[in-house]
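Here's a quick tour of one protein model, with an eye on its aromatic rings and a few spots around them. Take a look before reading on.

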Amino acid sequence: MTMVVATKVASHDYGDALSKSILFFEGQRSGKLPPNQRMTWRKDSALRDGFDIGVDLVGGYYDAGDNVKFNFPMAFSTTILAWSVLEFGNFMGSDLSNALDAIKWATDYFLKATSIPGFVYAQVGDPYADHNCWERPEDMDTPRTSYAVSKQFPGSEVSAEIAAALAASSLVFRAIDLEYSARLLSRARTVFKFANQYQGSYNDGIGRWVCPFYCDFSGYQDELLWGAAWLYRASKDSNYWNYVVENIHNLENTVVKNINGFSYSGGSYAEFGWDTKHAGISILVSNQLVMNSNPNFSPFIPNADKFVCTVLPESPTVSVQYSPGGLLFKPGGSNLQHPTALSFLLVVYARYLSQGNRVIHCGVVVATPARLIQVARGQVDYILGSNPLNMSYMVGYGNKFPQRIHHRGSSLPSINQQPGPIDCKGGTPYFSSNNPNPNLLIGAVVGGPDIKDSYNDSRADFVQSEPTTYINAPLVGLLAYFKTH
């Protein structure tokens, strides 16, 4: 007698998830909302940002569940959205125009934030006052202080990341709006020059207003190289290529630091996220090397290969952890930023490997491009519901998803429901309530479950329940790819 064991593999609607992952960005918009705004429970907010100092800083995105505009992670999210469109835009179908809108909402703002020579605006909103209140962005009455980096108080990481975002986006808009594309590239050059000429970290320049929120733990050399790599790709100006090749050794010196009690190697080829660009640089540059048939692969392609070997579960040099249900884990908060960002790099690199007819050797383990894509798909599927709890971690996708996300606008009655203002502490009962959030922030992906695959659907547990732009941005590219593959 033969026993047949059927294993159910959930099939996911990647197209639906893609549409929602982009829609999320509309829920994060700051400023004057356009007539085609689809997330209609959100209204205009922060319409006087920068006016106290005579600069128009209206627009951009709130980074997560609060009402502060942190330009460092906002710029990273924009760079990744642009890279997603460059790699996978052909697979986005009708969602391509929405992805372009999401990018332009950020780049329009970054043009404002870099409009005064010698200054780059790095943040808008007093984070301590903001985090002390639970109020809708539309009601904000906390100080909307603007924080800038300058020659005297440099901030190379935030400036160079904005340069990367502008350069990558200039490529996206080149075929659609040549004049706008040229403006973005020109500004990217100027901002990169500023970042490089006046080197220093905004940790020192802005200090307690950015730390501990988005403190730069890995130094600013990676952003300078990342910015130069994107400027080379956008401009084909060999000066940027030379800059990358001549300065890559700055990343080779591994600085071991300690973040929130976790040891962390700052020069690591295995890191990629809003703070650390190392693996992204290796993979972005490796494509240029293969395309230009450049024989000098070191250290970019070896480092890109080593990065893959730190992620694959079967690799002898794996350095990430996996939960029993198969979710990738790294130390720190908002864990889902890691599976989305690292999986994005796996799929991008798999495509580059296929073009170059290459496989990767992790000791005795051979990793094919198909294997990289399989690992990435496993992470995406986990997020969409193929996990021990059978729940989706994307709001509005699937039958079971987080109901009490750590997000001010989502958790408070909308202006439609309650037109009168809700003040700073007036929102506290809504924060403490066990009721589901009244407004669905569709497409938002939360911080995610713990390493044992359990999830606490509670606003107070922001590590698990808070969505961020940099969790979603790489997922947009991944979903576009899996929608058609």
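## A stacked tyrosine pair

Tyrosine 382 and tyrosine 393 are both buried, meaning under 20% relative accessible area with a 1.4 Å probe, protein chains only. This is a predicted model, where local features need pLDDT of at least 70, side-chain atom pairs count only at pLDDT 80 or more, and totals for chains, interfaces and linings use all residues. Residues are numbered from 1 along each chain as its sequence is written, and side-chain values use heavy atoms, leaving out hydrogens and water.

## An edge-to-face pair

Rings of Phe, Tyr and Trp (its six-membered ring) pair if their centres lie within 6.5 Å; planes under 30 degrees apart are stacked, over 60 edge-to-face, the rest tilted. That rule gives 33 aromatic pairs. Phenylalanine 72 and tryptophan 274 have ring centres 5.8 Å apart and planes at 90°, so they're edge-to-face. Both phenylalanine 72 and tryptophan 274 are buried. As for tyrosine 382 and tyrosine 393, they're stacked, at 6.4 Å centre to centre with 10° between the planes.

## Around tyrosine 397

Tyrosine 397 counts as buried too, at 6% relative accessibility. Beyond its neighbours within four places in sequence, tyrosine 397 is in contact (heavy atoms within 4.5 Å) with residues including His12, Asp16 and Leu384. Alanine 17 sits 380 residues away from tyrosine 397 in sequence, yet their C-alphas are 6.5 Å apart.

Definitions and conventions. Buried < 20%, exposed > 50% of the residue type's maximum accessible area, 1.4 Å probe, protein only.
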